[in-house]
Amino acid sequence: MSSIGVDEWSSRVREEQSSASRPHALRRHASRIGWWPRLGVFGVVMLLLPHIGLSVYQEQVGINALLLALTAVGLNIAVGWAGLFDLGYVAFYGFGAYVFALLASNQLGQHGIHLDAFLAIPIAVVVTALIGVVLGQTTRRVSGDYLAILTLFFAEAFNEVTNNVDSNRLGGPNGISGVDPIHAFGSSITTPLGYYYLLAVVLVLVMAGLHLLDKGRIGHAWQSVREDALVARLMTIPINRVKLIAYALGAGVAALAGSIFAASQGGVYPISFTQPTLVLIYAALVVGGTGTLSGAAAGALALTVVTELLRQPNYAGDVFYGAILLGLVLTIRPRIRLAAMLGTLMVAGFAARAIVEAADPEWAAGPLQSGGVVRTLLGHWLIVPSSPTIPGNWAVVVLVALGMAATTTRGVVRDICIVGAVYAAAFAWEARLAAEPSITRQMLIGALLVSVMIVRPQGFFGFRRTAVV
Amino acid sequence: MQLFVQLCVDGLTLGCMYALIALGYSMVYGVLRMLNLAHGDLYMIGAFIGYFILQWSGGPTALALPVPLVLVCMFAVAAIGSAGIGVVIERFAYRPLRKAPSVAALVSSLGVFFLLESAAILFFGAQSRSYNTESFLSFHTGIHLGPLNISLVRILTVVIATATMIGLTVLVRRTSLGRNMRAVSADREAAEMLGISVNQTVRNTFIIGSALAGVAGVMSGLVFGQAVSSLGLVAGLKGFTAAVIGGIGNLPGAMLGGLVIGLAESFTTGYISSTYSNLMVFGLLIVVMLLRPSGLLGKAIAEKV
């Protein structure tokens with residue numbers, strides 16, 4: 001609501017300025033360094049990282065992280081800069097991968113086409129960019145929510161086509177296997193480490209190029225189209241063309257990532273280009289900060305590493321409980337209150353276990369999923385029933401309910417809700433979630449999207465977008 | 001000819017189901033101008049609730065209660081359950097974002113959609129659960145016109161969908177709740193100044209829309225005989241497509257859009273291949289978007305850009 005007697009626009013801007021917190025001193029200093037030294041440092045760190053001695057599995061995680069970063073950076077063009085809510089982005093990623101796979105395997109023709117990566121990747125990128133233009137042209141009359149649903153349907157249609165149409169060439173649900181590795185200058189990249197280096201270099205180059213674009217004319221055009229398309233048009237910006245460029249560029253980056261993805265795993269499968277991938281890319285962008293390149297990349301790297309750790313039975317428990325503790329320490333003030341809550345939690349846990357054990361030992365006889373230190377710490381504190389599935393499911397429901405209750409209540413009631421939620425989280429984790437890592441990962445990503453939007457819409461690494469006055 | 005008529009019947013049944021989803025979409029969109037991507041998941045949850053009610057009343061082969069009572073229970077509990085979840089979603093995922101840019105609400109609804117779908121896999125498993133409708137509601141009861149066979153389940157679907165649409169139209173046009181909804185839809189701030197509780201109106205809209213999704217879920221369970229956790233996405237897409245084709249925010253339009261999609265899908269399945277039915281709906285959506293962006297029955301809104 002604007003205050004009376006003040007122009008609505010000015011009052012809104014004033015409100016935003018007063019609510020935006022001042023940037024941290026560290027961040028102020030960091031912003032004095034130019035963009036290319038920062039990007040250079042990032043690139044050097046990424047290139048030096050394998051020298052600390054990574055296993056092949058860790059290199060694979062690195063490849064996934066860089067691929068996610070590349071796709072998130074590409075998604076940022078349409079969503080973050082041009083303000084086009086494109087839910088069909090994952091289809092571009094898949095399209096690039098499929099075009100590359102067709103051009104570098106035995107699928108087409110008698111003996112297959114085996115193009116050099118030098119030819120195949122540009123073809124994949126250009127073809128996908130053209131598809132992007134076609135989709136953009138088709139949807140030029142719709143915006144906002146309509147665009148979202150049309151593009152989402154486009155992704156679904158892509159999924160249907162790859163699964164069902166022409167399974168001789170596209171391979172149906174089994175996809176295309178036997179895709180050539182990237183082959184150029186007479187040598188091929190065959191190791192994960194090679195792809196890691198390739199992706200790191202490509203990511204840095206793409207980010208540099210996009211940064212220059214964003215700071216140039218087209219970047220300003222995107223920004224004006226995003227903030228107010230009507231005004232942009234009155235300022236003689238050809239909004240249709242500007243939007244199409246955003247689509248084409250985003251699709252091109254996605255296709256580049258898709259080609260490298262196809263080459264690195266030696267095949268393409270329709271399952272890689274469905275909703276979970278789309279949501280993951282969105283989560284990376286949103287967590288990092290929509291509209292910033294560094295945010296998109298940082299979000300992707302952080303998200304991959306954390307979710308990958310949650311999948312590891314050895315670290316998952318540590319990461320899970322560590323995250324809960326960290327969350328409590330960061331949000332609960334004053335500290336004495338935190339200590340009181342943790343104390344209550346411990347006493348209540350031991351008491352509950354003692355009572356339940358006395359009543360019916362079967363109910364506390366189940367094994368903990370976590371091992372190591374966590375197991376010894378929680379062994380006499382947490383109840384895990386011997387048939388944990390259904391109680392675990394209910395614990396998830398209780399966790400969600402208490403978590404939501406904690407956001408609406410205050411004072412002691414809120415503290416009790418949080419204590420209950422932490423206990424429910426531990427119970428749900430040990431009873432059910434740790435045994436289902438991939439579903440847990442998906443649920444966490446979904447919850448993350450919602451909570452980031454509510455708590456910190458600008459993302460964790462991004463800056464609050466200031467209005468242009 | 002016989003195939004044609006049978007396909008018409010199938011298409012109408014399917015269309016009525018889409019229409020119920022579309023009605024919910026349309027109402028929520030009409031009031032909030034917000035796309036609730038999680039709407040399809042409420043439909044999926046409705047299908048599961050119906051399945052569990054069926055199990056608890058003895059299982060499809062040995063029902064402990066009379067069939068009509070079980071059916072009423074399934075519909076009622078699914079409607080209540082879905083409505084409850086819808087209200088919770090609205091309160092915790094959308095209300096805090098009501099003043100944020102629309103992209104924020106969309107991302108949030110994408111998160112809710114993903115969360116609900118994975119939660120359904122966690123709770124109910126990824127495999128499909130069979131309703132086994134045939135064993136308590138034989139497909140042979142119903143109307144027989146020569147070779148044409150319209151089973152009771154299908155008649156039920158059409159009747160419920162039509163009754164719902166009429167009821168909703170009356171609700172929106174005649175009752176005070178409907179007046180509040182129209183007011184909030186037209187101008188939220190002005191409605192608030194005139195003493196209409198926006199939060200309450202939005203909550204009621206979510207209750208009605210989500211309950212419809214739940215009912216549609218049970219129906220799909222009865223007609224197709226299964227509930228599966230991946231049901232939500234495609235159903236949601238088609239429901240929204242139906243709403244858009246009919247003209248979003250327009251209740252008879254949602255019904256018409258649902259029927260158009262249902263028939264298109266049924267004919268594609270019958271004459272071409274079931275592989276292409278979803279692609280056909282997508283093509284239809286694009287054509288309508290290009291030729292008549294405001295939908296078949298929608299009022300043309302002056303586009304600024």
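Reader: Where does A:Pro334 lie?
Author: A:Pro334 is in the loop between α15 and α16 (335–359) of chain A. Helices (H or I, at least four residues) and strands (E, at least two) are DSSP runs, numbered from the N terminus.

Reader: What is the peptide bond from A:Arg333 to A:Pro334?
Author: It is cis, with omega near -10°.

Reader: What are the ground rules?
Author: This is a predicted model: local features need pLDDT of at least 70, side-chain atom pairs count only at pLDDT 80 or more, and totals for chains, interfaces and linings use all residues. Residues are numbered from 1 along each chain as its sequence is written, chains are lettered from A and ligands numbered from 1 in the order written, and side-chain values use heavy atoms, without hydrogens and water.

Reader: At what angle do α15 and α19 of chain A pack?
Author: About 175°, for α15 (313–331) and α19 (411–431), with axes 11 Å apart. Axes are lines fitted to C-alpha atoms, for helices over the stretch in contact, and angles run from 0 to 180 degrees between N-to-C directions. That makes α15(A) roughly antiparallel to α19(A) (angles over 145 degrees).

Reader: Which residues make the contact?
Author: Among them are A:Phe320 and A:Tyr321 of α15(A), and A:Trp429 and A:Glu430 of α19(A). Contact means heavy atoms within 4.5 Å. The contact residues divide into 10 nonpolar, one polar and one charged.

Reader: And what angle for α9 and α14 of chain A?
Author: About 150°, for α9 (192–215) and α14 (293–311), with axes 10 Å apart. They are therefore roughly antiparallel. A:Met207, A:Leu210 and A:His211 of α9(A) meet A:Leu293, A:Ser294 and A:Ala297 of α14(A).

Reader: Switching to chain B. Where is B:Arg33?
Author: B:Arg33 sits in the loop between α1 and α2 (39–56) of chain B. Its phi is positive, about 55°, although it is not a glycine.

Reader: Where is B:Tyr271?
Author: In helix α10 of chain B.

Note on methods. Parallel < 35°, antiparallel > 145°, perpendicular 65-115°, else oblique. Nonpolar A, V, L, I, M, F, W, Y, C, P; charged D, E, K, R; others polar.
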